[in-house]
Amino acid sequence: MTSFMPPAQKNWWAVPVGRQEIVWIGIALVWCLIMFFMMPYWHMYGKQNISNEGYRVTPVKFQAKVNEMIEKYKVREVGAMKIPVVAPPEGSDVYLMARLWQWYPMLELKKDASYRLHITSIDWNHGFSLQPVNINLQVVPGYEMVLNVTPDKAGEYTIVCNEYCGIMHHTMLGKIWVKE
Amino acid sequence: MAQFRQCPDTGLFFHKEAENLMKANAVAGAVCLLIAGILALLVVLTRWPAVHLLPADAFYMVLTAHGICALIFWVIFFEMAILYFAGSTLLRSRLATPRWAWAGFALMIIGAIMTLVAIFQGNSSVMMTSYVPMRAAPSFYLGLILFAVGALIGCFVYLGTLVVAKNEKTYEGSVPLVTFGGTVACIIAIFTIASGAEILIPTYLWSIGYISHIDPAMYRVIWWALGHSSQQINVSAHVAVWYLIAGVIFGARPMSEKVSRAAYLLYIFFLQLASAHHLLTDPGISSDWKVFNTSYAMYLAVLASMIHGLTVPGAIEVAQRKKGLTNGAFEWLRKAPWGNPVFSGMFISLVGFGFLGGISGVVMGTEQISIIIHNTIYVPGHFHATVVIGTTMAWMALTYLLIPVLFRRKMILPVVAKWQPYVFGLGMSLVAIFHMAAGTLGVARRHWDMGFAGNPLGFEYPATAYLLMGIAGVGGVIGVIGGAMYLIVTVGSLIFGQPLQKEAGFLQSFGVPLADSAYTNEKPARLPMAPAEAVESHHDHSEFEAPGTFILAMVLLVSFVVYYFINWKYLSEVWPLS
């Protein structure tokens, strides 16, 4: 009768397909193609795309860039750990480093200004999860992602780590302030 | 000389060696499910904000063990049983090289124990993904390698069995659709395990100091060819189980052998590309690569699943209509045996996999939409719909079928069995839906404390997120109760169920052979082709054979389209990025 017996016809591949299946396959195929072309479409006309710019990087080199930026643009320090807050100028390169268990440094950005945000990790995998706007990026050690970001709403934002990175993973937070 | 017995109820032929291997693998799978279920309860009760049961280190350890035990050990042990069933039992063939199959089984057991011991020793809390350069104990990787080698042996035994069956002409015509699906699962499994070897063997050597460096980005690319493809084995296998159950319960035949098999072929060609889903927000990988691969080459594997989504219920509808249930669009479905857990489990698996798992999987696997979903708790929400509601539920439904047939025991507690798929399905649907909802609000996965208590920087997710995680917690507890009901009925039946054959004693439930007297040395008669039914000829191919199913399929499509574009809308509201 059935699905667990050999097909009833020796030449089952020659049995014509019913209209219902053909109609459904046609509809499903069109939908699949729409979904596929949405992705290149969004690259051309959408505003939220992951950048293709990435480099191999070593912790030493990246840390040097971070320190250079802090030296130039530090505006204050936060908390007992004295984590620096930097306010880099519009359009500049901004370096954000993930490490166990900290986002370093903190950033103060201007609303509607664009920045070239460089992100990497100097130890393990981390997850950049910017809340409450909900932007999530994988941060892989040895690789630097360069992303053009344009914060379009003012407020206090928190970077949660959402890639498991060891026993204190849940304490790893960072801050970005966006000012009018 | 191969010994066979014929099940008097179903007419299926069991080769003695294959039968024992199926039992041993199924029971090993059930033990893994038991462990995974207990661990699941601990995870659920920790992530439920109001309960927050475990301390952080124990939580990460338990979460690692839960993932590996459920997602790897339980499903793959059971898949081995399914392969032996599809190769040997369905084809009426002896199993090729049973000793190798036992060796593979032994390796899988040793590997599973080794990895679990490594995790519970406490220094391998690296999550299932074990991303380098985070380091686990060497025995963690070695256990996984042994387990994979054992499974690989099982795959080759299956392929060997196909050759034996062909040579010994145990069946006429082409292999049955279910066996075809099993073969697709087997081929994908070989690809998956080879990828696993390619990354886990170097990682093991790195963990013992023989290799100095594993590139973290390369690790992610190749690991996901193991991690995601292993879920594609599940998809192929549980679709085969859906077809099997449709055939057993309703006498359903595939609407079109050609369409169903072609859909399976699309799985072989394109399904594994989907491992790119996990890398969409990674640095250093180009958008071209991401777009092509995450779409399984223009979504041809999604097309395949959408085809099965029509043809499985469609086959049931056609069979039901032939029995006279022709009133309206849905009489065939209303009058289906909803009290039979084999059917209800299978149908909940089908609907849950399609509506919850399938739609969410494609949406989150869209290159740009991944930005608002990657590594949030949306992800576990999605894969609990695919792997738990889809795969695990299908395995459960199949077990209810196999207990009398394979284990020769009468099921105990039929009322519990009757309700089990509903309880489990409800609980896991709550888990899936409310995790996805919380993920949309940004809640992180694999995270011990969403409240960040005592953190000087401080951060609060919206209050709604706590409510959603609480509801998911309630759902998780209901799901665990449903899982416990399954284990009580199945394991209880193996121990206390009335033997349907006098030789089927306690030990025989766990892989020890039945007495020789149960078997004959006679070769089973050749498996005939399915009887030709008038249906193909009388049918004029212009009308819809299964109109009710078509309506259901369109409901799926509309939900899919709406949900897909809602997520684009969400995405368009985040900061511009390029």
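What is the handedness of the crossing in which helix 8 of chain B passes helix 10 of chain B? The crossing is left-handed. The model is predicted: local features need pLDDT of at least 70, side-chain atom pairs count only at pLDDT 80 or more, and totals for chains, interfaces and linings use all residues. Residues are numbered from 1 along each chain as its sequence is written, with chains lettered from A and ligands numbered from 1 in the order in which they are written.

**View 1. Helix 8 of chain B packs against helix 10 of chain B.** Helices are DSSP runs of H or I with at least four residues, strands are runs of E with at least two, and both are numbered from the N terminus. The two axes lie 9 Å apart, at an angle of about 145°. Axes are lines fitted to C-alpha atoms, for helices over the stretch in contact, and angles run from 0 to 180 degrees between N-to-C directions. A left-handed crossing has the near helix turned anticlockwise from the far one by less than a right angle; clockwise makes it right-handed. Helix 8 of chain B contributes B:V259, B:S260, B:A263, B:L266, B:Y267 and B:F270. Their partners in helix 10 of chain B include B:Y296, B:L300, B:I307 and B:T311. Contact requires C-beta atoms, placed from the backbone, within 7 Å. The contact residues are twelve nonpolar, three polar and no charged. Ala, Val, Leu, Ile, Met, Phe, Trp, Tyr, Cys and Pro count as nonpolar, Asp, Glu, Lys and Arg as charged, and the others, Gly among them, as polar.

**View 2. Helix 1 and helix 2 of chain B cross.** Helix 1 spans residues 16-47 of chain B, and helix 2 spans residues 56-89. Their axes come within 7 Å and cross at roughly 155°. That angle makes helix 1 of chain B roughly antiparallel to helix 2 of chain B. Angles over 145 degrees count as roughly antiparallel, under 35 as roughly parallel, 65 to 115 as roughly perpendicular, and the rest as oblique. This crossing is left-handed. The contact holds 27 nonpolar residues, six polar and no charged.

**View 3. Chain B meets chain A.** Here 95 residues of chain B contact 78 residues of chain A. Helix 10 of chain B gives the most to the chain B side, with eight residues. Among the other helices of chain B that each supply at least two residues are helix 2, helix 5 (177-207) and helix 17 (547-572). The chain B side divides into 56 nonpolar, 24 polar and 15 charged residues.

**View 4. Five strands of chain A form an open sheet.** The strand order is 1-10-7-4-5, with mixed pairing. Strands pair if DSSP finds at least two bridges between them. Strand 1 (54-56) and strand 5 of chain A stand at the edges with a single partner each, so one side of each lacks a neighbour in the sheet. The twist averages 20° from one strand to the next. Helix 2 (residues 59-73) of chain A packs on the sheet and touches strands 4, 5, 7 and 10 of chain A. The direction of this helix makes about 125° with that of strand 4 of chain A.

**View 5. Strand 7 of chain A pairs with strand 4 and strand 10 of chain A.** Six of the seven residues of strand 7 (residues 115-121) are buried, so the strand is largely enclosed by the rest of the structure. Buried means 20 or more other C-beta atoms within 10 Å of a residue's own, exposed means 12 or fewer, and partly exposed lies in between; C-beta atoms are placed from the backbone. Strand 4 and strand 7 of chain A run parallel over six bridges. A:L96 stands opposite A:I119 in strand 7 of chain A. Strand 7 and strand 10 (residues 143-149) of chain A run antiparallel, joined by five bridges. A:L117 stands opposite A:L147, and A:Y115 opposite A:V149.

**View 6. Cis peptide bonds join A:L100 to A:W101 and A:Q131 to A:P132.** Most peptide bonds are trans. Omega is about -15° between A:L100 and A:W101. A:W101 sits in the loop between strand 4 (93-99) and strand 5 (102-104) of chain A. Omega is about 0° between A:Q131 and A:P132. A:P132 sits in the loop between strand 8 (126-131) and strand 9 (135-139) of chain A.

**View 7. B:M127 and B:L413 have positive phi.** Most residues other than glycine have a negative phi. Phi is about 65° at B:M127 and near 45° at B:L413. B:M127 lies between helix 3 (98-123) and helix 4 (138-167) of chain B, in a loop. B:M127 counts as partly exposed because it has 18 C-beta neighbours inside 10 Å. B:L413 lies in the loop between helix 13 (378-405) and helix 14 (414-440) of chain B. With 16 C-beta neighbours inside 10 Å, B:L413 counts as partly exposed.

Technical notes. Two residues are in contact if their C-beta atoms, placed from the backbone, lie within 7 Å.
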